[in-house]
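Here's a quick tour for anyone meeting this structure for the first time. Have a look at the sequence and the model, then read on.

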Amino acid sequence: MTFGEQPAYLRVASDLRQQIVNGSLPPHTRLPSQARIREEYGVSDTVALEARKVLMAEGLVEGRSGSGTYVRERPVPRRIARSGYRPPTGASPFRQEQAEEGARGTWESSSEQEEAGPEIAARLGIRLGDRVMRTRYVFRDAGEAMMLSTSWEPIEVTGRTPVMLPEEGPLGGCGVVERMAAIEVVVDNVAEEVGARPGLAEELLALGGVPGHVVMVVERTYYASGRPVETADVVVPADRYRIAYHLPVK
């Protein structure tokens, strides 16, 4: 193989991918068998197998037990709106922004106390093992799981206050800014970092993905005078959604 030349299995995968993209191999069509790929492209069984693995890892095809490998339906990505402004209604950013996008959003949540591990302790600026309130969310659009979120708040900030449980009490369901203001903690900054990684098994199970699918992860932290008062991981399936930011111009 000369410099710059693709390995054979990538050339085969690229040609099959193009056929999927241009519709020559439409959704639910059976992918050519390993023997057919071998004969059509003049490659070995190993090359044919590796090419199929590439397409499967990219989420373009899926294996069906006892039946073969088929082209997957390609979803049209939808938007998940996020903004750099504070919603005026007192609703959380998710509730406000999805309402503005016309999404039929519902959610469920559960909260419990736990000890902060090394990563969360570092993100919240607390000691390892300090108590935090962890809240897990599943957000749905028309019944389909579209986003997962796990948030952590230091008990030393919210403990023994009406906002200790984010989804209960008089401010249950309100955003972090409003809830913290109720206990005289003024949130003045929020930072978000967006990354991507393969989804964890339990995440893909909840989101309806398959092993190998990529998820986008938004790591968000709210600050009050430089002190972190809430941090969260927001997980979104990358093949079905795009994250759209609306940022004010100052």
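This is a predicted model: local features need pLDDT of at least 70, side-chain atom pairs count only at pLDDT 80 or more; totals for chains, interfaces and linings use all residues.

## Where α1 meets α3

Helix α1 covers residues 8–21 and helix α3 covers residues 45–57, and the two pack at an angle of about 50°. Their axes sit 8 Å apart. As for handedness, α1 goes past α3 in a right-handed crossing.

Which residues do the touching? On the α1 side you'll find Ala8, Tyr9, Leu10, Val12, Ala13, Leu16 and Arg17, and they meet Val47, Glu50, Ala51, Val54 and Leu55 of α3. Sort the residues of this contact by class and you get 10 nonpolar, two charged and no polar ones.

## Where α2 meets α3

Helix α3 has another partner to look at: helix α2, residues 34–41. Here the axes come within 9 Å and cross at roughly 115°. That makes α2 roughly perpendicular to α3. Once again we have a right-handed crossing, this time with α2 passing α3.

From α2, the residues in the contact are Gln34, Ile37 and Arg38, while α3 brings Asp45, Ala48, Leu49 and Arg52.

Several elements give two or more residues to its lining: the strands β5 (131–141), β6 (144–154) and β9 (227–237), along with helix α8 (201–207).

How many residues line the second largest pocket? There are 16, and the ones nearest the pocket's centre are Arg136, Leu148, Thr150, Glu202 and Glu203. Taking the lining as a whole, eight residues are nonpolar, six are charged and two are polar.

Terms used: Residues are numbered from 1 along each chain as its sequence is written. Side-chain values use heavy atoms; hydrogens and water are left out. On a 1 Å grid over the protein atoms alone, a cavity is a set of points where a 1.4 Å probe fits but cannot get out, and a pocket is an open set with protein on both sides within 12 Å along at least five of seven lines; lining residues have an atom within 4 Å of a point. Helices (H or I, at least four residues) and strands (E, at least two) are DSSP runs, numbered from the N terminus. Ala, Val, Leu, Ile, Met, Phe, Trp, Tyr, Cys and Pro count as nonpolar, Asp, Glu, Lys and Arg as charged, and the others, Gly among them, as polar. Axes are lines fitted to C-alpha atoms, for helices over the stretch in contact, and angles run from 0 to 180 degrees between N-to-C directions. A crossing is left-handed if the near helix is turned anticlockwise from the far one by less than a right angle, and right-handed if clockwise. Contact means heavy atoms within 4.5 Å. Angles under 35 degrees count as roughly parallel, over 145 as roughly antiparallel, 65 to 115 as roughly perpendicular and the rest as oblique.
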